[in-house]
Amino acid sequence: MHTVHATVDPRFVVGPVRRELFGGFVEHLGRHIYDGIFEPTHQTADEQGFRTDVIDLVKELGVSTIRYPGGNFVSGFRWEDSVGPVTERPRRLNLAWHATETNEIGLHEFSDWLEKVGSELMMAVNLGTRGPLEALDLLEYSNIPSGTRLAEERIANGRAEPFNVRTWCLGNEMDGPWQLGHRSADDYGRLASQAAKGMRQLDPDLTLVVCGSSSAQIPTFGEWERVVLSHTYDDIDLISCHAYYEELDGDLGSFLASAADMDRFIETVVATADHVGAVRRSKKRIDISFDEWNVWYIQRYHAMEQISGLDNWPVAPRLLEDTYSVADAVVVGSLLMTLLKHSDRVASASLAQLVNVIAPIMTQPGGPAWRQTTFFPFSLTSRLAQGYALRVAYESPTYFTERHGDVALVDITATHDAAARRSTIFLVNRSQTDTVTCSVDVSAFGETTIAEAHTLSDADVYAANTLEDPGRVTTQANSSAMISDGFLTVELPPVSWTVLALGISDSRRGATPNSLN
């Protein structure tokens with residue numbers, strides 16, 4: 001049995017835990033909207049047709065902001081189609097996913113749903129097949145109180161107060177050849193700069209996100225960021241990162257170490273952004289919006305027969321409905337830990353996606369909704385990670401992976417909220433065979449107790465929750481966790497994710513950190 005030693009001290013801070021780290025993503029794709037969050041004939045549907053069982057699960061999940069309406073969908077989206085009387089809205093082709101978009105759910109309805117789940121809107125504009133003028137029109141419709149044609153149109157459509165959307169994404173994955181309107185970094189950078197300048201003239205206090213790379217594996221990665229930021233550095237606040245992970249060719253060891261790739265991704269983008277800033281002699285700092293991340297079995301999707309044909313454009317087809325295992329959930333938990341480790345530079349993040357489509361929540365038309373395995377690490381991290389992320393010192397054995405080289409067998413991160421007298425420690429054990437004992441020096445906090453101890457693991461790492469057995473996998477209380485003489489010890493089962501919430505009894509210890517370095 002391996003033993004890992006760690007030290008957690010509230011004085012060693014990475015950065016604040018911003019609630020925007022726990023964002024989600026809703027796209028007009030597959031059964032995400034229709035037969036997902038919206039099913040008027042369902043027994044739990046409210047007066048607007050939204051499933052209240054899904055609303056309850058989204059609230060439990062704890063998503064802070066939700067990126068909308070895409071995704072690849074946004075590059076063909078005409079926002080005007082999604083407002084006004086529902087019966088008068090046009091049906092359009094969704095070219096990104098070869099489907100029909102009915103526009104039954106649009107900006108007004110989705111904003112109503114966000115209010116029900118307690119999340120804020122992160123709006124994407126179409127810079128694929130449209131440009132700055134259409135982005136400005138949508139911004140005016142959304143944020144101007146009254147007195148203009150578009151603001152008055154919003155009021156006439158039933159929304160007296162503005163939507164007041166604060167965060168806007170300037171297109172989606174414009175580096176990708178699959179994207180409608182795909183263009184070079186030089187061309188996109190110029191277009192994004194024009195859109196950003198115009199939007200700031202209308203509403204100077206917006207948070208604007210420019211498209212970074214859709215993957216660290218795409219050939220233009222790194223150079224794309226440099227060129228785009230050379231055009232937009234003074235105009236925007238954040239640059240996006242997108243990353244999806246999957247087990248390939250039965251290589252579970254590399255898959256469990258996916259966070260090592262995310263870590264390098266973040267560090268590379270930060271270095272590139274800082275380089276552009278240094279060249280410009282700028283005092284401004286560009287941070288990251290990691291607004292698409294998850295486990296997604298892309299190879300399985302591409303191996304399936306794709307929807308095609310000029311006469312075949314279905315409404316809400318079943319697409320990307322991955323069933324997630326214990327191993328997938330452990331990876332999701334470790335990716336969340338990596339985002340926390342970079343909380344000084346990752347300002348927001350969006351789990352992609354939310355319901356039915358590569359999602360932590362699944363639904364059956366006319367039937368139940370249930371939690372996938374990936375639901376649990378996200379909901380617990382969103383609830384328990386508060387205050388500041390801490391820099392944890394620890395020693396762990398390593399193991400070799402084909403894709404990432406040598407990787408720590410155990411990963412650890414922590415957060416601390418002095419005002420709430422609470423600290424939380426997150427741990428992942430990547431060993432496929434061995435239980436690991438972890439000993440953590442928590443004496444710097446003073447007198448502490450264990451308030452909660454949850455572990456996600458299973459003898460079958462491919463166990464999953466399904467329609468037939470929706471409660472097969474859940475977290476279990478970890479009864480091995482204990483604190484004695486300032487040391488916390490806990491046993492971590494093979495292929496597991498664990499979270500320990502600590503209560504701090506001595507208010508004089510673990511005070512507000514004096515450094516964010």
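Q: What is the volume of the largest pocket?
A: This is a predicted model, in which local features need pLDDT of at least 70, side-chain atom pairs count only at pLDDT 80 or more, and totals for chains, interfaces and linings use all residues. Residues are numbered from 1 along each chain as its sequence is written, and side-chain values use heavy atoms, with hydrogens and water left out. A pocket is an open set of points on a 1 Å grid over the protein atoms alone, with protein on both sides within 12 Å along at least five of seven lines; points are joined across faces, edges and corners, and a volume is the space filled by probe spheres set on them. For the largest pocket this gives about 1,100 Å³.

Q: Which residues that line the largest pocket are the closest to its centre?
A: A lining residue has an atom within 4 Å of a point, and the largest pocket has 40 of them. The closest to the centre are Ser214, Ser215, Tyr244, Trp296 and Ile298.

Q: Which elements give two or more residues to the lining of the largest pocket?
A: Elements are DSSP runs numbered from the N terminus, with at least four residues for helices (H or I) and at least two for strands (E). Those that give two or more residues here are strand E10 (238–245), H7, helix H8 (258–279) and H9.

Q: How do the residues of the lining of the largest pocket divide into nonpolar, polar and charged?
A: Ala, Val, Leu, Ile, Met, Phe, Trp, Tyr, Cys and Pro count as nonpolar, Asp, Glu, Lys and Arg as charged, and the others, Gly among them, as polar. On that scheme the lining has 20 nonpolar, 14 polar and 6 charged residues.

Q: Which elements give two or more residues to the lining of the second largest pocket?
A: The second largest pocket holds about 370 Å³ of space. Of its 19 lining residues, the closest to the centre are Thr65, Glu120, Leu121, Arg166 and Thr167. By class, the lining has 7 nonpolar, 7 polar and 5 charged residues. The elements that give two or more residues are helix H2 (107–117), strand E7 (120–125) and strand E12 (346–352).

Q: Which strand gives the largest share of the lining of the largest cavity?
A: A cavity is a set of grid points where a 1.4 Å probe fits but cannot get out, and the count comes to 4 cavities of 30 Å³ or more. The largest cavity has a volume of about 90 Å³, and its lining has 6 nonpolar, 4 polar and 1 charged residues. Among the residues that line the largest cavity are His28, Tyr34, Asn94 and Pro317. The largest share, 3 residues, comes from strand E6 (residues 99–101).

Q: Which element gives the largest share of the lining of the second largest cavity?
A: The second largest cavity has a volume of about 60 Å³. Its lining includes Phe77, Trp79, Arg130 and Leu138, and by class has 7 nonpolar, 1 polar and 2 charged residues. E7 and helix H3 (132–143) are the elements that give two or more residues to this lining. The largest share, 3 residues, comes from H3.

Q: Why is the pair of Phe255 and Tyr297 called tilted?
A: Rings of Phe, Tyr and Trp (its six-membered ring) pair if their centres lie within 6.5 Å, with planes under 30 degrees apart counted as stacked, over 60 as edge-to-face and the rest as tilted. A search of the whole structure finds 16 such aromatic pairs. The centres of Phe255 and Tyr297 are 6.4 Å apart; the pair is tilted because the planes lie at 55°.

Q: How many residues apart in sequence are the parts that this pair ties together?
A: Phe255 lies in helix H7 (residues 252–256), and Tyr297 in the loop between strand E11 (287–295) and helix H9 (298–303). The pair therefore ties together parts whose separation in sequence is 42 residues.

Q: Is Tyr297 buried or exposed?
A: Buried means under 20% relative accessible area, exposed over 50%, and partly exposed in between (1.4 Å probe, protein chains only). Phe255, at 2%, counts as buried. With a relative accessible area of 5%, Tyr297 is also buried.

Q: How far from the ring centre of Tyr297 is the charged end of Arg300?
A: A charge sits over a ring if NZ of Lys or CZ of Arg is within 6 Å of the ring centre and within 35 degrees of the ring normal. Arg371 lies over the face of Phe375, at 5.6 Å from the ring centre. For Arg300 over Tyr297, the distance is 3.8 Å.
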